[in-house]
Structures are given as C-alpha cells and as structure tokens.
Amino acid sequence: MSANAPDSAPTAHHWPLWEVFVRSNRGLSHVHAGSLHAPDSAMALRNARDLYTRRNEGVSIWVVPAAAITASDPDAKDSFFESPQGKDYRHATYYTKSEGVKHL
Amino acid sequence: MAARAGAAKPGEDVAQYALRLGDDALILAQRLGHWISRAPELEEDVALGNIALDQLGHARSFLTYAGGAWGKSEDDLAYFRREPQFRSAHLFEQPNGDFAATIARQFAAASYQFPLYRELAHSSDPMLAAIAAKAVKEVDYHLDHSTQWVLRLAGGTAESRRRMIAGLDLMWPFTGELFQDDELNHRLGAAGVLPSSLQGEFDRSTAEVFEAAELAVPASAMATGGGRHGRHSEYLGYLLAEMQVLAREYPTASW
C-alpha cells in the first residue's frame, strides 16, 4: 500500500476527500480545480488526472487531503479582511526620496 | 486520431491484422462502457469510462484503416458484421463480473497491448505505426491504473484479496490466445508484431506485479481460443446484439 496515508485513512465505507490543484500549460501557478474521493494519494493523483485534465492540457497536478487545508472563516470577513483604502497611516506616503539614491 | 479518408489503402493481410487489433479494442470498449453509472465509486466510473473511450478511439482508427481495403466504413464493420466475422480474442469479451474481475481482465489486456503498440510503432506500415504511436501512451496509463488496483485489491481486505485472486483465475486462461502466431502473422513480417514475441515481456512484467502484490501467478491451462478465426465464446453474441441493435433497427439513421 502507498506510504502517503492522509490524516483520515480510508475505512470500509468511506474514502477521504482530496482537493485538486492544476497548473495548466500556460499557467504560472496551480489553480484549485475541484475535489474528489480516493483511498490514498497515488490514486488521488490518477483520479485527478482523469477528472480534471480531460479537456485542457495540464502540466502539473497537486492533490492535498482536504483535512490538511485550513481555510479562513467566510463570516470573519470584517476583521480579517478590510480594505486598505483610507488607511494612509499604514503606508509611507509622506516619505521624501533622497536625491541621487538610485533604485529606491 | 481517426484515419483520414485519404489514407493509403491497406493490403489484405494488413487489413486483416488491423481488424484483429480493432476488434480487440472495440469489444473491450463495449465491455468497459457497461460500468458507466455502475462503478463502485464516481471516480472509477470516470476512470473506466475514459479507458473505454481510449480503446474506442483505437478501434475507430484500426477499423477505418482496415475498412479501406474493402470499401467499408468503421460503422459498417462495427455494426453490420456477425459473430463469425469478428476477429477479437476471447479475453476481451469475457463478462465484467465484479470490479476485481474487470481489473484482472484490464491488467491482462493492458499488459499485452502496451508492448504490442510500443513495438507496432516501428511497423513498416506507416498507418499502423502512427496509430500505435498514439495508442501506446494511452495504454501506458491503462496499465498503470490496473496495476495500482491489482496491488490495492490484493493488499486490501480479505474480501478484496479473495475477489482479486478469483478474478485473475477467471481471466488468465484467456491470455494464452494473445500470443499465438498463425499464417497471417508470419506473412506480415515487419508490418505487424509477432504475437509470440510479446509473451516473454508479458510474463515478466505481470510476474513483477504479482510478486509485489504477494500473489501467485495464476497457474491454469490455456482456454481453447479461436477468436482470430471467428470462433468466439458464448458471450460475444449477446454483446454484439446489444451493441448493434440500434444501428440494425435504423440503418439509415444519423445523429
């Protein structure tokens, strides 16, 4: 059996969930493509190839056990994610650049 | 890749050979297609469906090419031939059984097709070489898929191991036929691949997997065969009836 066992091992009635990220031929980063169930990482990779690269040519696939992903709480929007607009105090907007200093 | 209509017309021997390869793939595709909506897991539904589509693609290429010798289209050959005219080997028409039996059949089929297409890519016939060059990459994946499942089923629970062993015992007697040479193979020479030349590699590669899976190589006498000359098992009739009924009912229909 594969040595890459996820946190939750497959049981008699349940295959763990995996999240799939695919980098396309022309892409620079892996993009989340979807999820699937598989008994272990080797099969997850093969299932991802079958499910998510059917129509577009991908060059790289990552599969991650869904249990390993920690996501931000969608309800915590306000305090976690606030627009930086109107927060001049966070940026060095009043700094004057010294003349003659290159590449600053 | 479908053979283009303007492709060179094959000689009778090459056409008969292409018919054998095409029929193998066509019958296997038909068997695998039955798993769609019935596979144990959604992911396997797609995996087996994909394998079936790949096989169907190979069948289309081979049958279109073969048909050129007789002025027949791939559809003429697929839908309007009867059992004795099919040239597929018995392995491919064996029933799906349970998932393990299907995997056993798939493992045998892919272990045969992979070296076959790899060698056929060097065929002196350019069309056969081209089809094989495209097909070998897909069959490489089919072999990997079935190998992974043989390992997991054999190494899983007592139940899965029992079924894997049963599936292999069921299918292995039909592998012998794949490596039998006849007059046609000898006449083809460099245009085809001599079936017996593939036996060594087949035995070695499958033995490796069996060892990793801690399975004994299925030791069973070879089944009678005869598929290459139109003598098939009782299953082909039912399979063809289902595959051909729509085309035969409405021969002039188009999608």
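**Chain by chain**

Visitor: In chain A, what share of the contacts between residues at least 6 apart in sequence join residues at least 24 apart?

Guide: That share is 53%, where two residues are in contact if their C-beta atoms, placed from the backbone, lie within 7 Å. Please keep in mind that this is a predicted model, in which local features need pLDDT of at least 70 and side-chain atom pairs count only at 80 or more, while totals for chains, interfaces and linings use all residues. Residues are numbered from 1 along each chain as its sequence is written, and chains are lettered from A, with ligands numbered from 1, in the order in which they are written.

Visitor: Okay, and which elements does chain A have, in what order?

Guide: Starting at the N terminus, the order in chain A is β-β-α-β-α, and the count is two helices and three strands. Both kinds are DSSP runs numbered from the N terminus (helices are H or I with at least four residues, strands are E with at least two).

Visitor: How much of chain A is buried?

Guide: Of the 104 residues in chain A, 19% are buried. A residue is buried if 20 or more other C-beta atoms lie within 10 Å of its own, exposed if 12 or fewer, and partly exposed in between.

Visitor: And A:His14, is that buried or exposed?

Guide: A:His14 counts as exposed because it has 11 C-beta neighbours inside 10 Å. This residue sits in the segment that comes before strand S1 (17-24) of chain A. Although A:His14 and A:Ala38 are 24 residues apart along the chain, their C-alpha atoms are separated by 9.1 Å.

Visitor: Switching topic, how many residues does each chain put into the contact between them?

Guide: Chain A contributes twelve residues to the contact and chain B contributes nine. On the chain B side, helix H2 (42-67) and helix H6 (126-154) each supply at least two residues, and H2(B) gives the most, with four. Sorted by class, the chain B side holds two nonpolar, four polar and three charged residues. Here Ala, Val, Leu, Ile, Met, Phe, Trp, Tyr, Cys and Pro count as nonpolar, Asp, Glu, Lys and Arg as charged, and the others, Gly among them, as polar.

Visitor: What scores does the predictor give the complex?

Guide: The complex receives an ipTM of 0.82 and a pTM of 0.88 from the predictor.

Visitor: Now the helices in chain B. At what angle do H5(B) and helix H7 pack?

Guide: H5(B) and helix H7 (residues 158-171) pack at about 50°, and their axes are 8 Å apart. Axes are lines fitted to C-alpha atoms, for helices over the stretch in contact, and angles run from 0 to 180 degrees between N-to-C directions. H5(B) and H7(B) are therefore oblique to each other; angles under 35 degrees count as roughly parallel, over 145 as roughly antiparallel, 65 to 115 as roughly perpendicular and the rest as oblique.

Visitor: Which residues of H5(B) make that contact?

Guide: On H5(B) the residues are B:Ala100, B:Ala101, B:Ile103, B:Ala104, B:Arg105 and B:Ala108, and they meet residues of H7(B) that include B:Met164, B:Leu168 and B:Leu170. By class, this contact of H5(B) with H7(B) has ten nonpolar, two polar and two charged residues.

Visitor: And how do H5 and H9 of chain B cross?

Guide: The axes of H5 (residues 99-120) and H9 (residues 199-212) come within 10 Å and cross at roughly 130°, so H5(B) and H9(B) are oblique to each other. Here B:Ser111, B:Tyr112 and B:Pro115 of H5(B) face B:Glu201, B:Phe202, B:Ser205 and B:Thr206 of H9(B), which comes to three nonpolar, three polar and one charged residues.

Visitor: What about H5(B) and H6(B), what is their angle?

Guide: H5(B) packs against H6(B) at about 145°, with the axes 7 Å apart, and this contact has 17 nonpolar, six polar and two charged residues.

Visitor: Last one: where is B:Ser37 placed?

Guide: B:Ser37 is in the loop between helix H1 (12-33) and H2 of chain B, and its phi is near 80°, a positive value in a residue other than glycine. Because 8 other C-beta atoms lie within 10 Å, B:Ser37 is exposed. B:Glu214 also has a positive phi, near 55°, and it is found in the loop between H9 and helix H10 (235-249) of chain B. With 10 other C-beta atoms within 10 Å, B:Glu214 is exposed.
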